[in-house]
Amino acid sequence: MSDTHAQTVPYVRDTMLSPQDPPSSQVGVTKWMRENLFDGWVSAVLTVLAVAAIGYAIVHLYPWFANSVWNADSLTQCREILDGATGACWAVIRVNWLQLIFGFYPPDLYWRPVLLFVLLFVAIAPILFPSVPRKVLWFSALYPFLAVWLLWGGSLWTILAVLAGFVIGYLVMVGTHKMGAVVSVGLTILVPVAYWYFLAGPLASGINSVVPIEVTPVASRDFGGFMISVVIGVAGIALSLPLGILLALGRQSNMLLIKWMSVIFIEFVRGVPLITLLFTASLLLNYFLPPGTNFDLILRVIIMVTLFATAYMAEVIRGGLAALPRGQYEAADALGLDYWKAQRLIIMPQALKISIPGIVNTFIGLFKDTTLVVFIGILDPIGRASAIRATSDWQGVYWELFIFIGAVFWIFCFGMSRYSMHLERRLKTDHR
Amino acid sequence: MEAIADRNINRSHMQVSDEVAIQITNMNKWYGQFHVLRDVNMTVNRGERIVICGPSGSGKSTLIRCINRLEEHQAGQIIVDGTELSSDLKNIDKVRSEVGMVFQHFNLFPHLTILENCTLAPIWVRKVPKREAEETAMHFLEKVKIPEQAHKYPGQLSGGQQQRVAIARSLCMKPRIMLFDEPTSALDPEMIKEVLDTMIQLAEEGMTMLCVTHEMGFAQAVANRVIFMDQGQIVEQNEPKEFFNNPQSDRTKLFLSQILGH
């Protein structure tokens, strides 16, 4: 006996088969429902239970929304209108919404934050979408200065004097380019700092006394509501990404001192609750600063929130860096790219792409954490809500205010989330 | 070996000059306690095509990676094109821009198109204007026979195509020396031929090449010297014909019988 079937082993295909449509039971709504809703009895029971739960929630919540009262001056009035029925009293939002948005910002100056909010989208457009002309980036770079001027008011010259410090720093960097890295970096940092410390103030007030260009100043304590959340959130987001990149690179550096400084910073800041950093900002910093210095509370909070987010950001980006194959570094090296060019052109674009979900996660976390500033006496939306609920008119209102605040935060965060998904799709080039 | 049997090699430009391209003297390297390269001495003249082979772990990849300082050597001297490799970053960048390297896993930049992969280093390292860099890139992409893929991303190409792009990317820097680190080891048999063809073409044009490979057919066809390494040392080197037909050391004989014997 042979160990194969002589008739069946030799085989030559003479025609290749062309692809055919799948059977009809494998397409359409029936297939979808069977696969997703009723795939076995566990799945069927869960589907029925879930539908029941959703139905129950809708039946109970519907009257509350349906009977909403929009026009009333107090909770008592709301209740009179409702006449015993359950219903939401959205009138509290209608009466107080300007306060919820602007805090105690002077009403005749509301146009300034509103204008800035609109311009914010112009400023971030070229960063978010490559189709926007690159020249708009100049506006993005100037936007922070414009924002500080319009929000806090005061002399335009102060802002320009501060801005001039960056120009001076750039000129020093170009001028000392040939003196070696240490000297160049040192001077690029020292000269502008010295200028800001000694010259910028007198210079600004000097010019302002000759050619005054001023808008009404607004004190930090008048800031509040969503405005303060957006100011702290946007500043924190804009600063924490670049600082986080530097910190992540620092942690991977071959230079031991830089590496250890980065590690200590990250581990310290990550290991401490944000609220303690905020208390430090509001209380302790005053002990360390020279007496008489007026270091703005909001600025201090922005610094602390930024440092906090930076530590997280650095770790997220380190994850992205770790996911890159070593071959990418080697290929960049082998082509003769120096460290910074390799980072900028090869490593960071890929590492940041990998880290997008984590980066946006950190952004969203930071934005929501801005509500913690209520504990150091800044009247953000939560603080405003508590103040509103403490008035005799609205005592007893809970859900409406917090649903409104939650909804506004949700819109911002959902927007960021959608953008990050769009970005991930746009940057997907691996086609695997 | 059969991959290149059907090709006639044009040897008119394959000339070894007296000029020294790479000089390695008493070079040693350790990974921690492990002595990977032991007293390596080697001179490569301009126009030489050298194939380095040996069992895995013999230090052959490490050797050519030392030549553009992807690995640091701890003792001895490596001089490439008159520039000594030391910790001086300027020298390292100079050598790296003169020496092209092709990797086993291609290492193309997946976030850039094929064309951008090829123009990146000329634009940022050589400061070539973008248009000129793109013309050069297209020239070399035509040479490796994939100009039509210029606007695709590496992930859309087959392994063989990716490796040819990697070769084109190196050539765009107009290197005087090319290093190949097992360029065909990660490829399917059908794709090995197209990459080897490209490499043979390069050899025919007189490029100085150091190639770590187990493609003995390639070695016989274009190499002027085959180096056999084991345990971090050069065990034997000879002209390909002598090397294959009349190996001297027992270690070489064993190695050849294992890779050619079946």
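Residues are numbered from 1 along each chain as its sequence is written, with chains lettered from A and ligands numbered from 1 in the order in which they are written. Because the model is predicted, local features need pLDDT of at least 70 and side-chain atom pairs count only at pLDDT 80 or more, while totals for chains, interfaces and linings use all residues; side-chain values use heavy atoms, without hydrogens and water.

Over all chains, the structure holds 25 salt bridges. A salt bridge is a side-chain nitrogen of Lys or Arg within 4 Å of a carboxyl oxygen of Asp or Glu. One of them joins B:Lys29 to B:Glu71, with 3.9 Å between the closest N and O atoms. This pair links distant parts of the chain, 42 residues apart. B:Lys29 lies in strand E1 (residues 20–31) of chain B, and B:Glu71 in the loop between helix H1 (60–67) and strand E4 (75–80) of chain B. Helices (H or I, at least four residues) and strands (E, at least two) are DSSP runs, numbered from the N terminus. B:Lys29 and B:Glu71 are both buried. Buried means under 20% relative accessible area, exposed over 50%, and partly exposed in between (1.4 Å probe, protein chains only).

Two further salt bridges lie within helices of chain B. In helix H6 (residues 189–204) of chain B, B:Lys193 and B:Asp197 are 4 residues apart, about one turn of the helix. Their side chains meet at 3.0 Å, N to O. B:Lys193 is partly exposed, at 31% relative accessible area, whereas B:Asp197 is buried, at 18%. B:Asp250 and B:Lys253 form a salt bridge at 4.0 Å, N to O. Both sit in helix H9 (residues 250–260) of chain B, 3 residues and about one helical turn apart. B:Asp250 is exposed, at 62% relative accessible area; B:Lys253 is partly exposed, at 40%. In chain A, salt bridges that share partners join A:Arg251, A:Glu267, A:Arg270, A:Glu315 and A:Arg318 into one network.

Chain B also contains an open sheet of 4 strands, in the order E2-E1-E4-E5, with antiparallel pairing. Two strands pair if DSSP finds at least two bridges between them. Strand E2 (34–45) and strand E5 (83–84) of chain B are at the edges, each with a single partner strand, so one side of each has no neighbour in the sheet. E1(B) and E2(B) pair in the antiparallel sense over 8 bridges. B:Ile24 has B:Met42 in E2(B) as its bridge partner. H1(B) packs on the sheet and touches E1, E2 and E4 of chain B. Contact means heavy atoms within 4.5 Å. The direction of H1(B) makes about 120° with that of E1(B). Axes are lines fitted to C-alpha atoms, for helices over the stretch in contact, and angles run from 0 to 180 degrees between N-to-C directions.
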